[in-house]
Amino acid sequence: MRRGFLALGLATAALASLGADAPPEPKRRLALVGGMLLTGLDEPPVHHAAVVIEGDRIVAAGRASETPLPQGVDVIDTSGRTMLPGLIDLHAHLIILGHGDYDRWDPWIAENKLVERVMEISARQLLMAGVTSAVDLGGTLKESLSVRDRIRRGEIPGPRMWMSGPWITRDPGDYSPALDTQLVVDTPEQAAQAVERLARAGVDVIKAYVELKPAHYKAIVDTAHRHGLRVHAHVYEPEDVRNALEAGVDVLTHAGSAGTPPYEPDLVRAIAVRGTPVVVTAAHRVWVYPATLAFPERLQDPRLKEDFPPDLYREVQDSLRNFPRLKYFSTTDRQMFYGKTSLRQWIDAGAVMGMGTDSGTPLNFHTEALWREIKAHVDVGMPPQRAINAATRVNARILGREKDLGTLEAGKLADVIVVDGDPLFDVLALSRVEVVVKDGAVFKSREPERPGAGPR
């Protein structure tokens, strides 16, 4: 089916090259009919609903009995299922895909010239898991922009991507120099120059990493905002959180997820009052690690073997052979001690909470994408509908794309997923994604569409 849509795109391009007198390509019409509809808004679900799509836009969404279907529309039967907006992940890493050891991974993919291939695989896995939009916060510049643009052109499947390229930091840490995933600066002036360089290259967002002082944050934010770019700050320590907040950073990512005790109430309140979004990435150690101890068989998920070339599969499996002793999990006991309390502080404060996974980090496979993160929020008291809306409507607003994304309403881009079950009753239904529609194109379907089935 994906090949069919690619062929359609190529045919459209060829037709356009014939000149202005060529007849326009007719817009495809698609309807998803019968299931429960979660619109992404704070409203009750719509039962026995229909979503009608023309081209890349939704033209109608509501009760099927009140939603006429155009003549000749292709119908996907969603009876007994739930339809909801495509998920949005505000913190992904296409350059990694669950491997256990960065020091080993970076040189391995660099030596084998697999960087862009890995990113392609990661992008497809996210899309098949129901993620139709994502922000990549850390990768090599050339390959990040290439994969983003190839997805846009329809050459490879994946979510629409916002790419940061390398992050900006004052401390290179112990990352391997085999991959250029960071820009190391010293002064605020150098931090501003790094933003300028990334902006000229064409990135979509800026990631501010560690060891930055107030003047660095201010230089990064001011320069990024002049270019219309939003800044996501990687912050854990209270001082860094406060400095980033006061500098006007757009998104606080990781805040409260790395074994730090809950922040002082005045800091939490200041963030909530200001409305600065927090993306905790809570599940990537605190929930994933014990889940893997309890069920290590998840590491051999058949989807991984299907998606990875044999040598890549062997490398990932070997890196996870003794995962409890990996450096990445050396402080997980502390993180688990504080994890639920730290996540709960934002829910109780009424902070603006987006959803991001840090997917690709050790044990954190793109195939599972957002459902584990959403479950973590639900586990500590966030209502399922609020958690789903955070991963759809709220995330779209954080991206500044609320006019096009995040809800299923007439006029919005046609990003729709269908899951098996009722996620408001059991949020794990989000792990069973059966249909993925992005920009009106069907990338995953449990059964063939019925051509020309409408109206009925």
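pLDDT is the predictor's confidence in each residue, running from 0 to 100. What you have here is a predicted model, where local features need pLDDT of at least 70, side-chain atom pairs count only at pLDDT 80 or more, and totals for chains, interfaces and linings use all residues. Residues are numbered from 1 along each chain as its sequence is written, and side-chain values use heavy atoms, with hydrogens and water left out.

The chain's average pLDDT is 92, and 92% of the residues score at least 70. Residues 1-22 stay under 50, and the model gives them 16 contacts (heavy atoms within 4.5 Å) beyond four places in sequence. Where pLDDT is low, the predicted coordinates should not be read in detail.

Now for the rings. Rings of Phe, Tyr and Trp (its six-membered ring) pair if their centres lie within 6.5 Å; planes under 30 degrees apart are stacked, over 60 edge-to-face, and the rest tilted.

| Pair | Centre to centre | Plane angle | Type |
|---|---|---|---|
| Trp 105 and Trp 108 | 6.0 Å | 25° | stacked |
| Tyr 328 and Phe 329 | 5.1 Å | 90° | edge-to-face |

Trp 105 and Trp 108 sit three residues apart, about one turn, in helix α2 (residues 102-111); helices are DSSP runs of H or I, at least four residues, numbered from the N terminus. Both Trp 105 and Trp 108 are buried, meaning under 20% relative accessible area with a 1.4 Å probe, protein chains only.

Tyr 328 and Phe 329 are buried too.

How values were computed
Helix = DSSP H or I, 4+ residues; strand = E, 2+ residues; numbered from the N terminus. Buried < 20%, exposed > 50% of the residue type's maximum accessible area, 1.4 Å probe, protein only.
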